[in-house]
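Subject: Structure handover

Hello,

Here is the structure I promised to pass on. Please open it alongside this note.

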Amino acid sequence: MDRKRILIVSPAAARDNNGNWQTASRWAHFLRGRHALEIGAQWDAGAAPPALLIALHARRSAPSLAAFKAAHPQQPALLVLTGTDLYRDIDSSPAARASLDAADALVVLQEAGLARLAPHLRAKAHVIYQSAPALRPSPPAPGRRHIDICMVGHLRAEKDPLTFMRAATLVRNPRLRLLHIGGALDPALLAAAQATQAATPRYRWLGPMSHGQTRQRLKRCQAMVIASSMEGGANVIIEAVTSGVPVLASRIDGNVGMLGTDYAGFFPLGDAAALARLIERCAEDAGFDALLRRQCAARAPLFLPSAEQAAVADLVDNLLRPASRAA
């Protein structure tokens, strides 16, 4: 196939260092050898049309997607649905719903996401799990002074950092440290993190770190917490699993779709006491820790970069094939 120009519209930029940016960056890397790739914040009406528009975020990319399809209805557009799209915006935002209809194909990042789509939309939806390169596991050494549990996520309401902070006040094992990596996007949550750190020394807010620094810190932890109220298919789950680190996750559809319905490391959304019990069990119950590690290892093949790259390339090739789109 001839090299085509592809534009990825991403509301997130490299400086944001969030899941949306990681998806845009990774997909650009996958496709760059086959096509001419650009990443931009928007597509402007009147600009030269790419052969394919890939839009991240139904609501935030809605103006670009609508303008592109209005000006070039025969050119394909692919929409990648985020957690806020699936679990909030498509219920409340007409622009987000219009994006679902305008796109020629949809991508959800875990299988449970399909259930949020109307039947006529599921027909053009594809499940593509995200991926991360495996890192050599670095399990904590026996007899270590501290047992580190980390949460990776910016201080924003959707990540529910308050549940992690409250759990820090409830755990009793003196060796446990609860480390929080992420930028301060909400002043009230920053104040809460600072207050928790002052009152509860076992909790430490480490602030933002680069992607590489975060992965290195993560792989040395006993477990990783994701307490979110909505997720489309969290990169941090993948990065924990591919580093051999068990995940303690809020039981929401996006996390269940990543880890499996029978996963033993779920806690009810917002239940700090249940999270604290799971954290202490990870630290003190070797059998439970081993169970979580086995279950995570069983999911790891879903998150291979080669699998995601093949799925992305296949979908893009089909969208760029005129006969396929007309069929």
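Some ground rules. This is a predicted model, with local features needing pLDDT of at least 70, side-chain atom pairs counting only at pLDDT 80 or more, and totals for chains, interfaces and linings using all residues. Residues are numbered from 1 along each chain as its sequence is written, and side-chain values use heavy atoms, with hydrogens and water left out.

**Strands**

Helices (H or I, at least four residues) and strands (E, at least two) are DSSP runs, numbered from the N terminus. Two strands pair if DSSP finds at least two bridges between them. Buried means under 20% relative accessible area, exposed over 50%, and partly exposed in between (1.4 Å probe, protein chains only).

Start with strand β1, residues 5-9. Four of its five residues are buried, so β1 is largely enclosed by the rest of the structure. It pairs in the parallel sense with β2 (residues 36-40) over five bridges. There, Ile-6 has Leu-37 as its bridge partner. β1 also pairs with β3 (residues 52-56), again parallel, over four bridges. Val-9 is bridged to Ala-55 in β3.

Now strand β8, residues 176-181. Six of its six residues are buried, so β8 is largely enclosed by the rest of the structure. In a regular strand the side chains alternate between the two faces of the sheet. Both faces of β8 are covered: Leu-176, Leu-178 and His-180 are buried on one side, and Arg-177, Leu-179 and Ile-181 on the other.

β7 (residues 147-152) runs parallel to β8, joined by six bridges. Asp-148 has Arg-177 of β8 as its bridge partner. From β7 the chain passes through helix α6 (residues 161-170) to β8, in a right-handed β-α-β crossover. Right-handed means that, with the strands pointing away from the viewer, the path from the first strand over the helix to the second runs clockwise. β8 also pairs in the parallel sense with β9 (residues 203-207), over four bridges. Leu-179 is bridged to Arg-204 in β9. β8, helix α7 (residues 187-199) and β9 form a right-handed β-α-β unit.

**Pockets**

A pocket, on a 1 Å grid over the protein atoms alone, is an open set of points where a 1.4 Å probe fits, with protein on both sides within 12 Å along at least five of seven lines; lining residues have an atom within 4 Å of a point. Grid points are joined across faces, edges and corners, and a volume is the space filled by probe spheres set on the points.

The largest pocket has a volume of about 950 Å³. Its lining has 43 residues, and Asn-18, Gly-19, Asn-20, Arg-156 and Lys-159 are the closest to its centre. α1 (19-32) supplies the largest share, four residues.

The second largest pocket holds about 230 Å³. Of its 13 lining residues, Arg-26, Ser-131, Ala-132, Pro-133 and His-211 lie nearest the centre. α1 gives the most here too, with five residues.

**Aromatic rings**

Rings of Phe, Tyr and Trp (its six-membered ring) pair if their centres lie within 6.5 Å; planes under 30 degrees apart count as stacked, over 60 as edge-to-face and the rest as tilted. The structure holds four aromatic pairs. In one, Trp-43 and Phe-68 have ring centres 5.4 Å apart and planes at 85 degrees, so the pair is edge-to-face. Trp-43 sits in the loop between β2 and β3, and Phe-68 in helix α2 (residues 62-71), 25 residues apart.

Best wishes
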